[in-house]
Amino acid sequence: MSAVEILRFALRGLLANRLRSGLTMLGIMIGVAAVILLVAVGQGAADSITSNIARLGSNTLTVSQAFGGGLRAIGPGGGPGQRGEGRRPGATGPRTQAKELSLADARALADPAAAPSVRSVSPVVVAQSQTATYEGASHEIGQLVGTYPSYFEATNKPVAKGGYFVNDDVLAARKIVVIGQTVAEALFGTVDPIGRQITITGVPFTVVGVLKETGSQGVQDGDDIAIAPLPAVQQSLTGFGALDQIVVQAKDADSVNAAEAEITAILNERHGITGTASPDYRIQNQEALRETVASAVGTFTVLLAAVAAISLLVGGIGITNIMLVTVTERTREIGIRKAIGASRGAILGQFLAEATMLSLVGGLFGVAVGVLGSQFTIAGVRPVVVPSSIVLALGVSLAIGLFFGSYPANRAAKLRPIEALRHE
Amino acid sequence: MSAAAAPPPVLDVRNVTKVYGRGETEVRALRGVSLTVERGDYVAIMGASGSGKSTLMNILGCLDVPTSGRYLIDGTDVGTLDDRQLALLRNRKIGFVFQSFNLIPRMSALENVELPLAYGGVRPAERRRRALAALERVGLAERVHHEPNELSGGQQQRVAVARALVTAPALLLADEPTGNLDTKATADVLDVLDRLSAAGRTIVLITHEDDVAEHAKRVIRLVDGEIVDDRRQVAVHEPPPRLRVTAGAAGTGVPE
């Protein structure tokens, strides 16, 4: 009794009940397809979130003022810059020696000797809710940012139309501005804004560029923004006080953590922070954010896969059920086969092969459906098929066939011929 | 190990009993049956229903196990065999013909006949050749590709006979082979059995019809699980008494 022979018997058994075999396979197919598809959706979601975060700027660290004293709330997932805070319980109220972030700090960070991992440094001042007008149209700009040209690259804000401002413009404190899509639409509508003059809180600025649309980022509209040279904003709107942020771009993804260490060292020295004293600034690490989000999405993907795995399990139980029915229905046939000399192994092999075929063929169809389904956008997510999920789902479906088929097959094989023959 | 002894009898049943159920519901189907059947014999076991003849047949065919007693086929003690060896024994030494044919549905006559050979590990080409030869022997050479539901009862039973003898077993067991057949089909099947007997095959059949029993060389009567009569009609080496002599081959019309 060769393996080919056993497979032929099994195939014959399955074809004798096409509808039933088909429905059983459908159960496994749905399970396998669900695993592949849901894992792909999870992966797609993870990829899209990761790329959204990357859009915020790659390899960037944001240094900002740490306000207040000991009771200052530590933001959720706050940057690693808050490490090593050995704050004394009694220390409340603003520290007298707290220093604000200054342009000099920014220049110190740009020192290639002290901070070799830093690629660019952009000092930033932000003026919130500034009213801009153009020929009677008025719009309150969410954020007016005064900075250096390197800011565009560090925060990944390319222009769609027009150009950027350059270092010369910064030195000359020229009143020029690059505006976001929301601002452009509110003030200009369909008119081309390039070269036109708008008035921001009474100060005239010339529009030189329009940013590419970034899409909404949380509650804040990422396109409701205007970016101008740092001194221009300081002169006319914020004054030459402290910086709100210093955006630092590291050389590459691997040097982000090194850059963070260098920034910490430089600022600690400049701000006179030693030992256990808590720093008066904080550093937000984009990479750390990405990791946090990625692990959250990973959990989400595992959850989806678990749901899919349950449906695969249900499919497996379907196989057991149908095999039990088959064995019961064919008890007499099993008796005949045993009476003419079929060994226990041959009977076991035949029914196990039937169960395995059901699950394997169902699994293959499931892979086809899963991969095909992954070509479509589902709930706004473009699924990304994970090859290991295909292997896993197929492997599991095969194992399910063997495992769930073994009980009915064993029962068939163990029947005594006379009992099987008497069965009606 | 007795030197120059005759080959062991094909069947050697020693004081076999079979009890179904327990206590109040105990039924003693066989109450100590002893029986030997020599090679080439043609035995009919007769008895009313409930006489234990089917129970005996199932034990002879290794489909059931006796409650006590020994049973040897071709000198092999069946009681000592494990599951796998029993399967091999059923495959090689015994051909079983059932009252209700018991062909496997949705398999052609040829495939049904090939099945024991498949389980016996015979190669496909050889299997086909032997199955076709067996079908020809029962006169069904033209219907090899028909499925059981396309065959008449007599034809189905002849396929079953072909399946039983295709492995060239030492013993052909037939459990009321004509019980479900009309007169014409009965004659056909018995004719096949007679000719097999004439060719030297050992046959044990069960029946409750005297007409059928008359074909055998030896008739055993079973009443309430005991042998009450053992009558020899024809000597073992002679042809069966009702062998139909085909025209042109008078006397020695032994097909082979």
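The model is predicted: local features need pLDDT of at least 70, side-chain atom pairs count only at pLDDT 80 or more, and totals for chains, interfaces and linings use all residues. Residues are numbered from 1 along each chain as its sequence is written, while chains are lettered from A and ligands numbered from 1 in the order in which they are written.

**Strand β6(A).** Helices (H or I, at least four residues) and strands (E, at least two) are DSSP runs, numbered from the N terminus. β6(A) spans residues 197-200. Ile198(A) and Ile200(A) form its covered face. Gln197(A) and Thr199(A) lie on the uncovered one. In a regular strand the side chains alternate between the two faces of the sheet.

Two strands pair if DSSP finds at least two bridges between them.

β6(A) and β7(A) form a hairpin with 2 residues between them. In the turn, Thr201(A) has a positive phi of about 45°.

**Chains A and B.** Contact means C-beta atoms, placed from the backbone, within 7 Å. By that cut-off, 21 residues of chain B touch 15 residues of chain A. On the chain B side, α2 (83-92) and α3 (109-119) each supply at least two residues. α2(B) gives the most, with 6 residues. This side of chain B divides into 9 nonpolar, 6 polar and 6 charged residues. Here Ala, Val, Leu, Ile, Met, Phe, Trp, Tyr, Cys and Pro count as nonpolar, Asp, Glu, Lys and Arg as charged, and the others, Gly among them, as polar.

Definitions and conventions. Buried ≥ 20, exposed ≤ 12 C-beta atoms within 10 Å, placed from the backbone. Contact = placed C-beta atoms within 7 Å.
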